[in-house]
Number of protein chains: 2
Amino acid sequence: MRRADRLFEIIETMRSTTKAVTAAELSHELGVSERTIYRDISGLQGQGVPIEGEAGIGYVLRPGFHMPPLMFTIEELEAIVLGARLAGQRADKDLQKAADRVLSKVKSVIPDQMQSRMDRIPLYAPPTYWPSHNAGEMALIRECIRKEIKISIDYSDLKENVTTRIIWPVAVAFFAESTLLAAWCELRNDFRHFRIDRMQQVRTLEERFNGGGGRLLQSWERQVTGKNR
Amino acid sequence: MRRADRLFEIIETMRSTTKAVTAAELSHELGVSERTIYRDISGLQGQGVPIEGEAGIGYVLRPGFHMPPLMFTIEELEAIVLGARLAGQRADKDLQKAADRVLSKVKSVIPDQMQSRMDRIPLYAPPTYWPSHNAGEMALIRECIRKEIKISIDYSDLKENVTTRIIWPVAVAFFAESTLLAAWCELRNDFRHFRIDRMQQVRTLEERFNGGGGRLLQSWERQVTGKNR
DNA sequence: ATCACTACTGACATATCCTGTCAGTAGCAT
DNA sequence: ATGCTACTGACAGGATATGTCAGTAGTGAT
């Protein structure tokens, strides 16, 4: 049995029982070694499948693997659709695809009668004709924020001076005119904001930084709201 | 990207669109050759996934494939949160509240560990400092679109000439610089676009119009996309 | 009828990555 | 303390996934 098929099989097996399933059972059932099962499960978890393993117990598929039916009002659907369209226009290709998937997932969990209305929601986000450059890098940047990976950028400021900086990316702000990356700048030893379209080059580094479980983000938020007030 | 991941990707891609998807598109999107796509799809079909292919057309996922969708991924949550924030900034108070309710509903169905991550999604839509006037009327306008109620507006054009028109509102377009209402104009007997912030007054009428179950919207879409080409 | 586009199949050499084996660490329940 | 289990790392060999090339056939538009 090929790996690709096996992954589907594992999900189905776990879905069909409420008890915990051990790696040994799965390995016997599917005719592969335990080591392979551990690798498969790790792969599934990496794809977001909520399998939880506990030593001494086994694996359980957390409820929350499938989306339960959801009820939205027509106005809430308008908000979702408009939001997905706006986000799709402003952000990168990957996020745009994610927004599309959100719409299709939402559509498939709401009652039938709502589904047809969802296609006809008359709120549009037309393409912006001043596409921010480096939108392609934004997917990478988002990933680095999530994984807390340092990046190095060549940044050209207002006077066209180019500096190379190592920064710790923490947040992205979608202003109407431009898109800004907020980051801790090792050069300035403080938070700085960088326009995505002024980044000449974006390189991910091996090194990671410690965001303190959101504390870095919080201290940035404090600094920004403090200044703006 | 590994084959096992790709198969899930293909399903999600096909689920997220109603149009047919060609092997060439998939191959480009996933970074593999067309030959591999054909092999992947053949594999999925072998596992019972109802993908249908037609020469000259592409692939479609047969409706009735009603596997409940998988839970949102982190990236999809990012799209939802950013979308809600953008929509909340651009639209009216009511829609903003609806967007908030969407977030809390979504939050209530996702696994615990995801909930805390959702609060810390670092994508922001800062307030626009050129608030479109009459945003307050937008909730009313959206309602009239839904219920197909005629409205009367006093509209001031580029030269400050004010005209009073009876219009049939069909759609709202959120451009970067302004927000436009698309409507059938009884005065001009054609579709016209009105900037929300140029409307002096908005009055709902008793009379309703017949949108033909989306046909009016469609004919507007045709006209707009035709002109843009 | 022709053309452009597309799904689909087969063959084959190559390189990828999947797999089992072995070894070891650590958490949970009894 | 013991047994069960999840989990990780290293490594070598082999299964298999992949790209390339070539070709057939169906669909829709002109």
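This is a predicted model: local features need pLDDT of at least 70, side-chain atom pairs count only at pLDDT 80 or more; totals for chains, interfaces and linings use all residues.
- Y38(B) uses its side chain, with an N or O atom 2.8 Å from a phosphate oxygen of DNA strand C.
- G56(B) puts a polar backbone atom 3.5 Å from a sugar or linking oxygen of DNA strand C.

- Sugar or phosphate accounts for 58% of the DNA strand C atoms within 4 Å of the protein, and bases make up the rest.
- Helix 3 of chain A gives the largest share of this surface, three residues.
- By type, the surface near DNA strand C splits into nine nonpolar, seven polar and seven charged residues.

- S33(B) has a polar side-chain atom 2.7 Å from a phosphate oxygen of DNA strand D.
- G56(A) has a backbone N or O atom 3.5 Å from a sugar or linking oxygen of DNA strand D.
- G56(B) turns up here too, with a polar backbone atom 3.3 Å from a base nitrogen of DNA strand D.

- Of the 23 residues around DNA strand D, the nearest are Y38(A), Y59(A), R6(B), S33(B) and T36(B).
- For DNA strand D, 60% of the atoms within 4 Å of the protein are sugar or phosphate, with bases as the rest.
- Helix 3 of chain B provides the largest share here, four residues.
- The residues near DNA strand D comprise eight nonpolar, seven polar and eight charged.

Methods:
Residues are numbered from 1 along each chain as its sequence is written. Chains are lettered from A and ligands numbered from 1 in the order in which they are written. Side-chain values use heavy atoms; hydrogens and water are left out. A residue is near a molecule or strand if one of its heavy atoms lies within 4 Å of it. A polar contact is a pair of N or O atoms within 3.5 Å; within protein, one must be able to donate a hydrogen and the other to accept it, and residues adjacent in sequence count only if both atoms are side-chain atoms. Helices (H or I, at least four residues) and strands (E, at least two) are DSSP runs, numbered from the N terminus. Ala, Val, Leu, Ile, Met, Phe, Trp, Tyr, Cys and Pro count as nonpolar, Asp, Glu, Lys and Arg as charged, and the others, Gly among them, as polar.
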